[in-house]
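Here are my notes on the model, as numbered points. Please read them with the structure open.

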Amino acid sequence: MNKHDDIIRKIQEKLSTLSKSERKVAEAILADPKTTIHSSIAKLAARAEVSEPTVNRFCRSLIGSGFPDFKVALAQSLATGTPYVNLNVEPDDAPGAVTNKIFEAAKNNLTRAQELLPESLISRAVDVLAGARRIEFYGLGASGPVAKDAHHKFFRLNVPVVAYTDILVQRMAAAGTHPGDAVVLISYTGRTLPLIETARVAREAGASVIGITNPESPLTEHCSIVLPIEETEDTDIYTPMSSRIVYLTLIDALATGVLLKRGPEFNSHLKKLKTSVQDTRLPKNKT
């Protein structure tokens, strides 16, 4: 990676190591990188409430040269697509600012996840799920609702599907799986000990184990297929927010892939499910 590659990600990674004044510069840039490209050093310094030498010092620490070269590097980084920016909500943020940060973080996380997910792994996972005799989704903590959402999507596909969010039930269910079953473990960190042990149990029982998790985590050692989602939020402090959108979107992609594998003749089954709930809704107003 040269000094012009993904400069915004580099800023985010160095944020915690910067001095107080240089951190102000970094935060001003991350808050509005597009404006920074067209700003003078005086305007950026004023926006960050620091001196111009502080801005130059920050730029040199990051890319080895001053503000003009930094703006070129930033422009090149933005030109490669939506950058990953960790947009932390601050206590004094107004509601509008909070909304913008959360939406931008979700969009950025989705873009980065899409770039890093190999299509070949998605295809393999879809093939396993489409051919499974039974599918079980496991998630703990904040991953529990994602597992339940997966159940909600997959139960329509005419295959037995369950979602377990209890540690002991997961362990027993994993021990009861068989070859031909698929177990999908959802873990943001991949470091939760009970879930790692459950993956090992399911693998030894003969199930195909799919992990949706951090690619560098211990959980991957017990998975047949790993769908890698990089950690972008520190879950030791915060509950995952924008990253959960990535997991839900990936579940949608897998469910849709399995649905397409079923072929057009499967539409009659889906129509039957939709028809079964029609009388539970009020009719739409016709104008």
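1. Which residue in S3 does Tyr138 stand opposite? Tyr138 faces Leu185. The two strands involved are S1 (residues 134-139) and S3 (residues 181-187), which run parallel and are joined by 6 bridges. Strands count as paired if DSSP finds at least two bridges between them. Helices (H or I, at least four residues) and strands (E, at least two) are DSSP runs, numbered from the N terminus.

2. A word on the source. This is a predicted model, where local features need pLDDT of at least 70 and side-chain atom pairs count only at pLDDT 80 or more, while totals for chains, interfaces and linings use all residues. Residues are numbered from 1 along each chain as its sequence is written, and side-chain values use heavy atoms, with hydrogens and water left out.

3. Now the whole sheet. It is open, has 5 strands, and pairs them in parallel in the order S2-S1-S3-S4-S5. The edges are strand S2 (161-164) and strand S5 (225-228); each has a single partner strand, so one side of each is left without a neighbour in the sheet. From one strand to the next the twist averages 15°. For that angle, axes are lines fitted to C-alpha atoms (for helices, over the stretch in contact), and angles run from 0 to 180 degrees between N-to-C directions.

4. Strand S4 (residues 208-213) pairs with S5 in the parallel sense over 4 bridges. Thr213 stands opposite Pro228 in S5. Ile225 and Leu227 point one way from S5, and Val226 and Pro228 point the other way. In a regular strand the side chains alternate between the two faces of the sheet. These four S5 residues are all buried. Buried means under 20% relative accessible area, exposed means over 50%, and partly exposed is in between (1.4 Å probe, protein chains only).

5. Is Ile186 buried or exposed? Ile186 lies in strand S3. Its relative accessible area is 1%, so Ile186 is buried. Ile186 and Thr213 are 27 residues apart in sequence, but 6.2 Å apart in space, C-alpha to C-alpha.

6. Helix H4 (residues 41-48) has two sides worth checking. Its buried residues are Ile41, Leu44, Ala45 and Ala48. Seen down the axis of H4, they fall within an arc of 100°, so they line one face of the helix. The arc is that of the directions from the helix axis to the C-beta atoms. Lys43 and Ala46 are exposed, on the face of H4 turned away from its buried side. Just after H4, Glu49 takes a positive phi of about 60°.

7. How many salt bridges does the structure hold? There are 9. A salt bridge here is a side-chain nitrogen of Lys or Arg within 4 Å of a carboxyl oxygen of Asp or Glu. One of them joins the side chains of Asp127 and Lys261 at 2.7 Å, N to O. Asp127 lies in helix H8 (residues 119-130) and Lys261 in helix H12 (residues 242-262), so the pair ties together parts that are 134 residues apart in sequence. Asp127 is partly exposed at 40% relative accessibility. Lys261, at 52%, counts as exposed.

8. Lys153 and Asp252 meet through their side chains in a salt bridge (3.3 Å, N to O). This pair links distant parts of the chain, with Lys153 in helix H9 (residues 144-154) and Asp252 in helix H12, 99 residues apart. Lys153 is partly exposed at 24% relative accessibility, and Asp252 is partly exposed at 31%. Asp149, Lys153 and Asp252 are linked in a network of salt bridges.

9. A further salt bridge sits within one helix. The side chains of Glu197 and Arg200 meet at 2.2 Å, N to O. Both lie in helix H11 (residues 193-205), 3 residues apart, about one turn of the helix. Glu197 is partly exposed at 25% relative accessibility, as is Arg200 at 26%.

10. Last, the surface. Ile167, Leu168, Val169 and Met172 form a nonpolar patch with about 390 Å² of accessible area together. Patches are made of residues with over 30% relative accessible area and no salt bridge; like charges are joined within 9 Å, and nonpolar side chains (Val, Leu, Ile, Met, Phe, Trp, Tyr) within 5 Å. Accessible areas come from the Shrake-Rupley method with a 1.4 Å probe; for residues, only the protein chains shown count as cover. Val169 lies in helix H10 (residues 167-175).
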